[in-house]
Amino acid sequence: MKYVAAYLLAQMGGKESPSEADVKAVLASVSAEVDDDKLKSFFAAIDGKDVAELIKEGQAKLASVPSGGGGGGGGGGGGGGGGAAAAAPEPEPEEEEEEEAMDFDLFD
């Protein structure tokens with residue numbers, strides 16, 4: 001996805017047909033890593049195709065994907081009145097978890 005976005009940004013920046021170097025420059029400007037195999041695969045997939053036409057085809061495919069949500073849930077009932085409130089138990093302290101390093105790239 002990041003290669004598509006970088007390609008389109010380079011195209012919007014004035015490059016009619018951005019090269020691999022142009023896409024790499026866009027990604028380098030935001031310190032994103034480049035997987036040369038994935039980049040070459042992306043360029044092979046779009047070789048000889050009109051990007052505007054590819055976008056139209058993608059939009060047509062997305063039109064058939066259901067994207068509506070169900071209705072929201074009902075509200076909770078009102079609390080009953082009267083009666084003495086029971087003493088709330090004291091919450092147990094939560095142990096803090098150490099942050100683990102994520103071994104993935106959000107944009108791959």
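**D22 has its place in helix α2.** Helices here are DSSP runs of H or I with at least four residues, strands are runs of E with at least two, and both are numbered from the N terminus. This is a predicted model, in which local features need pLDDT of at least 70 and side-chain atom pairs count only at pLDDT 80 or more, while totals for chains, interfaces and linings use all residues. Residues are numbered from 1 along each chain as its sequence is written, and side-chain values use heavy atoms, leaving out hydrogens and water. With a relative accessibility of 18%, D22 counts as buried; the term buried covers values under 20% relative accessible area, exposed means over 50% and partly exposed lies in between, using a 1.4 Å probe and protein chains only. Once residues up to four places away in sequence are set aside, D22 touches A10 and K15, a contact being heavy atoms within 4.5 Å.

**A10, one of the partners of D22, belongs to helix α1.** A10 counts as buried, at 8% relative accessibility. If you leave aside neighbours within four places in sequence, you will find A10 in contact with K15, P18, D22 and V26.

On the α1 side you can pick out K2, Y3, A6, Y7, L9 and A10, which meet D22, V23, V26 and L27 of α2. This contact is made up of eight nonpolar residues, two charged ones and no polar ones. In this scheme Ala, Val, Leu, Ile, Met, Phe, Trp, Tyr, Cys and Pro are nonpolar, Asp, Glu, Lys and Arg are charged, and the others, Gly among them, are polar.

**K2 of helix α1 reaches the backbone of E33 with its side chain.** A polar atom of the K2 side chain lies 2.6 Å from the backbone oxygen of E33. A polar contact is a pair of N or O atoms within 3.5 Å; within protein, one must be able to donate a hydrogen and the other to accept it, and residues adjacent in sequence count only if both atoms are side-chain atoms. K2 itself is buried, at a relative accessible area of 8%.

**Helix α2 has D22, V23 and L27 as buried residues.** They cover an arc of only 135° around the axis, so they sit on the same side of α2; the arc is that of the directions from the helix axis to the C-beta atoms. The buried residues of α2 pack against α1 and α3. On the face turned away from them, have a look at the exposed residues A21, A28 and S29.

S31 is found in the loop between α2 and α3. Its phi is near 60°, a positive value in a residue other than glycine. S31 counts as exposed, at 68% relative accessibility.

**In helix α3 (residues 36–46), L39, F42, F43 and I46 are buried.** Viewed down the axis of α3, these residues fall within an arc of 95°, so they line one face of the helix. They pack against α1, α2 and α4 (51–63). The face turned away from the buried side of α3 carries the exposed residues D37 and A44.

**Both ends of α3 are worth a visit, with D35 capping the N-terminal end.** A side-chain oxygen of D35 lies 3.1 Å from the backbone nitrogen of D37. After α3 comes G48, with a positive phi near 80°.

**To finish, here is the protein chain as a whole, with four helices and zero strands.** Along the sequence the pattern reads α-α-α-α. The chain has 108 residues, of which 13% count as buried. Among contacts with a separation of 6 or more, 52% are between residues 24 or more positions apart.
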